[in-house]
Amino acid sequence: MACQFAVQVIKGRWFTVFASFLIMAGAGATYLFGSYSKDIKSTLGYDQSTLNLIGFFKDLGANVGVLAGLIGEVTPSWFVLLVGSAMNFAGYFMIWLAVTGKIAKPKVWQMCLYICVGANSQNFVNTGALVTCVKNFPESRGVMLGLLKGYTGLSGAIFTQIYLAIYPNDSKSLILLIGWLPAALSVIFVYTIRPMKVVRQQNELRVFYHFLYISLSLGVFLMVMTLLEKTITFSRAAYAGSTTVVCMIMFMPLGIAIREELALWNLKKQPVDSPVEVSIDKTPNPVPEIQEIQELDSFPPKSSLGQEKKTQITTTTTTSCCGDICNKPERGEDYTILQALLSMDMIILFIATFCGLGSSLTAVDNLGQIGESLGYPTKTVSTFVSLVSIWNYFGRVFSGFVSESLMVKWKIPRTLMMTFMLVLSSIAYISIAFPFPGSVYMASVMIGVSFGAQLTLLFTIISELFGLKYYATLFNCGQLASPLGSYILNVRVTGMLYDREALKVLAKKGMTRSSVKELVCIGSQCYRLSFTILASITFFGALISLVLVIRTREFYKGDIYKKYREDV
């Protein structure tokens, strides 16, 4: 009996959610780039433009998931997860070998390739775990996406605690940790994550709120630890203790999964009510016979039925994933891939994502150098990175739950929340461009919240406007604007302006670029112009997103989940 129940738990939908939480918690290695980017820069002798180029290829790999989406359309989720785990280990392991000097110094294009492959693995994790969970819980997709992407947002702080316990004061070993741990998690839970038949459960939303409370406790604990580490010097044993607490909290959702499966188990064991006898009056009645004859006469001939059926089959089979581009369905119905990509709604989302996520990725990648330019010590710079990671989590989770609540209760479009987050990002960039005491702490929080919220909102809006049939491909296509924005804003704008300011400092000292190994800029002027540009571009993205709010306000006034309730 116990073995049968254990099998039911492992095969159940709720265990899939628990396993996805753990896998997604290991899928945020790209957000730790600010913690180890200085090791890459100093060990390999790169200038800021080269480092930003590597950062761009990280963002390119992390956001170009079309291949993962297409593979996910034709292969099972376990295969997608295994491919992702292999790419994660291979990419980051090669970077670790290069930074520690265990292999010859690689060329810049090789480092770009390594980090692109490693970062691209998270798209396979998203496709394997996230898309599967959204399809298993279509009516709770907003909160589901918020929770899953929230754990990814927390991964930076989680990895920081683990590496301080295992590899204290060795940031190079952090690269090794983010190479083997996420790969191991995917391999362990690979066969437990799979699409299942959707079964409506009355207390489904309440269960997700219980998951939320656990994840909030994890986020609060990590935030407290981050603030304490700023003022108190912890021993290795203390870090081991904090890591143990983190692991215990992360395994609490397993208890909820077992509780829900136990309720289903007990429901199955309840006896079925005995059948009730029904007597039928067989007295002949001529009136129904006449009606029956009339109904039979009203039916078309068999040949006509066959022709209609044949026509229906032909119509169904002629619509492929590329479909009729011009004949788009209503919002919320299943779009084909080309119908969605060429729609005005997707184009507006692309522009808003280019401005918003492109600027956010630029800010996160440069956070380490921002702290250095303003004279903060290395320990404080790590605090900035952890704050972004933790508040990234809060942004992801609350954007899912809050936007869902506003949409259900007051019919407020989910797209309006994206506009608000873009405005919040603009304020954060201005506070970095014109710094004041404590401004970087404040900006780290605002960047984390807005960055996380934009990701959750983007993925949720795509699923609502264009359906779930080709969601694995569409949500990966939707984030293609992020690496494009990152390249232009990070490499072509921020990196070049930083190097220009650093060369000015060298010129004042009577030195040239060849006189120093590492090009460093110190002072508030280093990022003033570039982050003023970022703030302007992000505010423009907020204005563009308002157009989508106007276009979708009628759609969000209706019942967008009605289709899925009817299917069940």
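Helix H18 (residues 378-410) has 33 residues and reaches 46 Å from its first C-alpha to its last, close to the 48 Å expected at 1.5 Å a residue; the expected span is 1.5 Å times one less than the number of residues. Welcome to this predicted model, in which local features need pLDDT of at least 70 and side-chain atom pairs count only at pLDDT 80 or more, while totals for chains, interfaces and linings use all residues. Residues are numbered from 1 along each chain as its sequence is written, and side-chain values use heavy atoms, with hydrogens and water left out. Helices are DSSP runs of H or I with at least four residues, numbered from the N terminus.

- After H18 comes Lys411, whose phi is positive, near 55 degrees.
- H9 has a kink of about 25 degrees, centred on Leu177.
- Of the 18 residues in H9, 13 are buried; buried means under 20% relative accessible area, exposed over 50%, and partly exposed in between, using a 1.4 Å probe and protein chains only.

**The nonpolar core and a buried glutamine**
- The largest nonpolar core has 153 residues, and Tyr36, Ile40 and Tyr471 have the most contacts inside it.
- Helix H20 (residues 439-466) gives the most to this core, with 15 residues.
- Such a core is a set of buried Ala, Val, Leu, Ile, Met, Phe, Trp, Tyr and Cys residues joined through side-chain atoms within 4.5 Å.
- Leaving aside neighbours within four places in sequence, Tyr36 is in contact with residues including Tyr92, Ile115, Leu174 and Ile178, contact being heavy atoms within 4.5 Å.
- Gln122 lies in helix H7 (residues 108-136) and is buried, with a relative accessible area of 10%.
- Beyond its neighbours within four places in sequence, Gln122 is in contact with Ala27, Thr30 and Ala62.

**Cysteines**
- The whole structure holds 1 disulfide, a disulfide being a pair of cysteine sulfur atoms within 2.5 Å.
- Cys521 and Cys526 form a disulfide, with their sulfur atoms 2.0 Å apart, and both residues are buried.
- The torsion about the S-S bond of Cys521 and Cys526 is about -90 degrees, so this disulfide is left-handed.
- Cys3 counts as exposed at 64% relative accessibility, whereas Cys477 is buried at 10% relative accessible area.

Methods: Bend = angle between axes of the 7 residues up to and from the residue. Helix = DSSP H or I, 4+ residues; strand = E, 2+ residues; numbered from the N terminus.
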